[in-house]
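Thanks for coming. Please have the sequence and the model open while I talk.

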Amino acid sequence: MRIKQKIFITVLVAIALFSYLPHAYATAGGFHGGGGNTTTNNGGGNTTNGDYDDSYTNNYNSYGNNRYHSYSSYNNNGSYVSSPFDFIFIVVLIGGFIWKFKKPALGKSSYVHGKDIGNTGLEKEIEQTFISIQEAWDRQDLQSVRNLYTDELYYKHQKIIDDLLAKGLINHTNSVIVDGLSSYKRRSDESFQIDISFVAIDFSVNKDTKEIVQGNNMYRQEFKQRCTFLDDGRQLRADKIKELKI
């Protein structure tokens, strides 16, 4: 979580606690109601009630044999008397902010440097296979690396290229450098999964004018992909490739 986000959440929690404590103390002596308008929050908006002569307002919601009471009123000193649901609302609000602004737990997706997976020969083969596929993509020529694909992934990638061409676009991915291999996991005797961290120049151009319409052709960007390879002892073949957030 970034420092600014931590500060924001800390301040939010502090404000919520200081706001709630006086309300809690106000309810300790009982629910002493007064006249005037009372506004209750019903989830779907605010409903303003008229004057009440009762000492307090009870909202009952029944489910089966259980009854829930919520109180919303003002005491004789004009202080707001809190409902238990106010505290629940504050907790939910704070939790929502924390969930929204916290840094995602991307331990398996964060960029990695280092290629040591305990098998030097396999490391080199993974890197060579991966770069060959990326270079073929850059040339729009997957047929040249047909032997490095399973049928399913080959046709999937070819369709992406064809769809882009139909839209008048060509995607280029070049100058690929593999920086890291991580999360190596054998799925069976003949397949494994691994995360590949790499940098590359990635951009798309108009197929006719060659004008860049997305990305840039000057600077490398960081990427990470989770790849599943089939390994029959003779040739690695890419079976699945999934983009990961970093």
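Predicted model: local features only at pLDDT ≥ 70, side-chain atom pairs only at ≥ 80, totals over all residues.

In soluble globular proteins, nonpolar side chains tend to be buried together. Here the largest nonpolar core has 28 residues, and those that touch the most other members are Ile126, Ile194, Ile196, Phe198 and Phe229. Which helices and strands each supply at least two residues of this core? They are helix H3 (120-139), helix H4 (151-166), strand S7 (169-188), strand S8, strand S10 (221-231) and strand S11 (236-243). The largest share comes from H3, with seven residues.

Take Ile196 as an example. Setting aside neighbours within four places in sequence, Ile196 is in contact with Ile126, Phe130, Val178, Gly180, Leu181, Phe223, Lys224, Gln225, Cys227 and Phe229. Two of the names on that list, Ile126 and Phe229, are also among the core residues that touch the most other members.

Now look at Ser197. Ser197 lies in strand S8, which covers residues 191-206. Is Ser197 buried or exposed? Its relative accessibility is 0%, so Ser197 counts as buried. Again leaving out neighbours within four places in sequence, the contacts of Ser197 include Val178, Gly180, Phe223 and Lys224. Ser110, Tyr111 and Val112 are also among the contacts of Ser197.

Next, the aromatic rings. A pair of aromatic rings is described by the distance of the centres and the angle of the planes. The structure holds six such pairs. In one of them, the ring centres of Tyr154 and Tyr155 are 5.3 Å apart and the planes are at 75°, so this pair is edge-to-face. The cut-off for edge-to-face is an angle over 60 degrees.

Tyr154 counts as buried because its relative accessibility is 7%, whereas Tyr155, at 53%, is exposed. The charged end of Arg146 sits over the ring of Tyr154, 4.2 Å from the ring centre. That charged end also sits over the ring of Tyr155, 5.6 Å from the centre.

Elsewhere, Phe130, Phe198 and Phe223 form one aromatic cluster. We met Phe198 in the core, and Phe130 and Phe223 among the contacts of Ile196.

In one of them, Lys115 and Glu127 meet through their side chains, at 3.2 Å from N to O. This pair links distant parts of the chain, with Lys115 in the loop between helix H2 (84-101) and H3, and Glu127 in helix H3, 12 residues apart. Lys115 is partly exposed at 29%, and Glu127 is partly exposed at 22%.

Another joins Asp163 to Lys159, with the closest N and O atoms 2.9 Å apart. Asp163 and Lys159 are four residues apart in helix H4, so about one helical turn separates them. Asp163 counts as partly exposed, at 35% relative accessibility.

The remaining example is Arg186 with Asp231, at 3.3 Å from N to O. Arg186 is partly exposed, with a relative accessible area of 38%. Asp231 is buried, because its value is 16% and the cut-off for buried is under 20%.

That is what I have. I can take questions now.

Key. Residues numbered from 1 in each chain as written. Heavy atoms only, no water. Buried < 20%, exposed > 50% of the residue type's maximum accessible area, 1.4 Å probe, protein only. Contact = heavy atoms within 4.5 Å. Core = buried A, V, L, I, M, F, W, Y, C linked by side-chain atoms within 4.5 Å. Phe/Tyr/Trp six-rings, centres within 6.5 Å; stacked < 30°, edge-to-face > 60°. Lys NZ or Arg CZ within 6 Å of the ring centre and 35° of its normal. Salt bridge = Lys/Arg side-chain N within 4 Å of Asp/Glu carboxyl O.
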